Amino acid sequence: MIRTPTRRPPVPRLLIALLALVVLSTLFATPPLQDAATATPVPSTHLHQSLGYLLLAPLFGIWDTLSLLTVSQHYAVLATLILIYLFRRVHTVRTGRRELAADPTTAEDAAHPGFSVMLAVLELGGAVFFLIALAAFYAAAVFFPRPMVAIQLDDPDLLAVDFHSHTNHSHDGRSRFTAERNRAWHEDGGFHAAYITDHYTWAGVDDAASANPARAGERAVMLSGMEVRLRDRHVNLLGGRQRYVFALDSTRHHLAPDSIAAARERGAPPVTMLYTIPGPLDQVVPFGPGSPAGVVGVELSDGAPRGLEQGKAERAQILAIADSMDLAVVAGSNLHGWGRTVAAWSVMRVPGWREMSPDELGGAIEGALHRDRRRAATVVERRMPYHDGTWVGVALTVPWLLWEHFRMLTVAERGSWIAWIGILVLVRTAWHRLKARTIARHREAAGES
């Protein structure tokens with residue numbers, strides 16, 4: 001009788017390396033949230049991860065990290081993965097050729113020209129499959145309806161606001177991303193209020209208004225806004241349309257500063273506008289007595305990849321502008337219906353906001369922006385490393401991101417990683433034993449025959 005092998009298969013080196021990272025990074029753990037202006041922890045703020053998120057935390061966490069990368073970091077990650085794939089395939093092919101050439105029974109086949117052609121076809125097919133799988137993994141991060149990580153604020157007077165989001169009424173918005181789906185996204189991300197700033201239209205605002213709660217503390221409040229061009233630069237208008245519509249051209253694309261100034265001279269209420277990125281920073285005009293068509297704030301963080309790139313690469317310049325002009329720094333998701341990751345939140349102190357009506361809340365937010373300006377909001381962002389622009393920094397993007405990702409894991413996430421590593425080891429062991437038993441049965445049956 002042939003006995004089934006009982007030796008356990010070795011644990012893959014990748015799983016050992018992952019377990020080592022999970023454990024070792026605990027010694028260097030760092031908070032996953034920081035003040036975007038000072039790169040320091042923010043008191044009274046935490047990340048909330050639902051049970052559904054924690055059940056698949058390794059996968060969802062990687063997708064979150066991908067969603068927070070800048071354009072250059074995406075290029076660096078893709079290039080690194082492709083180079084690793086090519087290196088492994090070249091090494092495997094060369095090793096396989098040497099083994100075939102050393103075996104007299106296969107050396108002749110390996111030397112045949114047709115063998116090289118077949119090998120090239122197989123390698124090409126494998127490369128295409130790899131690229132498709134990589135693209136599918138990226139696409140899943142954008143389209144998969146997964147649980148979101150939310151911000152949690154301990155102080156009841158603190159308010160999490162998004163100053164820049166879109167619906168399907170924007171030309172570049174996802175076709176099924178209605179105002180209510182926009183609201184649900186913001187609720188899942190921990191926001192208490194969000195401005196709908198569709199391009200050149202208030203249609204999304206109208207869709208959301210009827211479902212707003214009577215009191216702001218009941219659910220996320222969707223506030224009125226619109227994205228237009230002022231001095232050929234993108235700005236977000238906050239508040240009721242009656243304060244702006246007369247100054248827009250027939251297409252609603254451009255806002256006339258002179259019309260705003262004339263209305264202000266006639267006693268019209270002040271406008272509230274925010275300068276947005278991505279885009280040049282050469283037309284930032286602060287609101288003031290001599291510039292009624294100026295902005296009261298500037299985006300320090302924008303959730304789109306190009307916005308994240310500029311917000312990190314030009315952070316010092318944006319902060320210098322905000323400090324010198326006394327402008328609020330804010331965060332905007334620049335949400336168009338893609339993805340399930342929040343890059344940053346604008347946190348404001350608005351006492352009693354939970355009992356306010358939507359109109360009162362909008363007025364309180366605008367009042368704080370005008371009154372407090374630079375001190376009006378704190379941009380709380382997901383802490384992500386960013387290269388210094390040198391080729392060395394870009395080349396080291398993947399190992400740096402990997403290390404920082406594990407450093408920022410919560411205790412619950414670490415538990416999920418360890419559990420999944422254990423599950424994979426058990427599954428692999430069970431598969432190995434099943435395979436060994438199957439082989440043994442075949443050999444035993446062949447011996448009996």
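**Overview of the chain**

Among the contacts in the chain with a separation of 6 or more, 78% are accounted for by residues 24 or more positions apart; a contact means heavy atoms within 4.5 Å. This is a predicted model, in which local features need pLDDT of at least 70, side-chain atom pairs count only at pLDDT 80 or more, and totals for chains, interfaces and linings use all residues. Residues are numbered from 1 along each chain as its sequence is written, and side-chain values use heavy atoms, with hydrogens and water left out.

**Dimensions and composition**

- The C-alpha trace of the chain spans about 100 × 45 × 40 Å along its principal axes.
- The chain contains 15 helices and 13 strands, taken as DSSP runs (helices: H or I, at least four residues; strands: E, at least two) and numbered from the N terminus.
- Of the 449 residues in the chain, 46% are buried; buried means under 20% relative accessible area, exposed over 50%, and partly exposed in between (1.4 Å probe, protein chains only).

**Nonpolar cores**

- A nonpolar core is a set of buried Ala, Val, Leu, Ile, Met, Phe, Trp, Tyr and Cys residues joined through side-chain atoms within 4.5 Å.
- The largest such core has 38 residues, and V228, V235, L237, L255 and M273 touch the most other members.
- At least two residues of this core come from each of several elements, including β6 (221-230), β7 (233-238), β9 (272-275) and α11 (315-325).
- Another core, of 33 residues, lies apart from it and includes L33, L66, L158 and F191.
- Leaving aside neighbours within four places in sequence, V235 is in contact with several residues, among them M226, V228, M273, Y275 and V295.

- R243 is located in the loop between β7 and β8 (254-255).
- R243 counts as buried because its relative accessible area is 16%.
- A polar atom of the R243 side chain lies 2.9 Å from the backbone oxygen of P270.
- Residues touched by R243, not counting those up to four places away in sequence, include L238, I260, P269, V271 and E366.

**The segment before α1**

- P10 is found in the segment before α1 (13-24).
- P10 counts as exposed because its relative accessible area is 55%.
- The C-alpha atoms of P10 and M325 are separated by 62 Å, and the two residues are 315 residues apart along the chain.

Terms used:
Polar contact = N/O pair within 3.5 Å; in protein donor to acceptor, adjacent residues only side chain to side chain.
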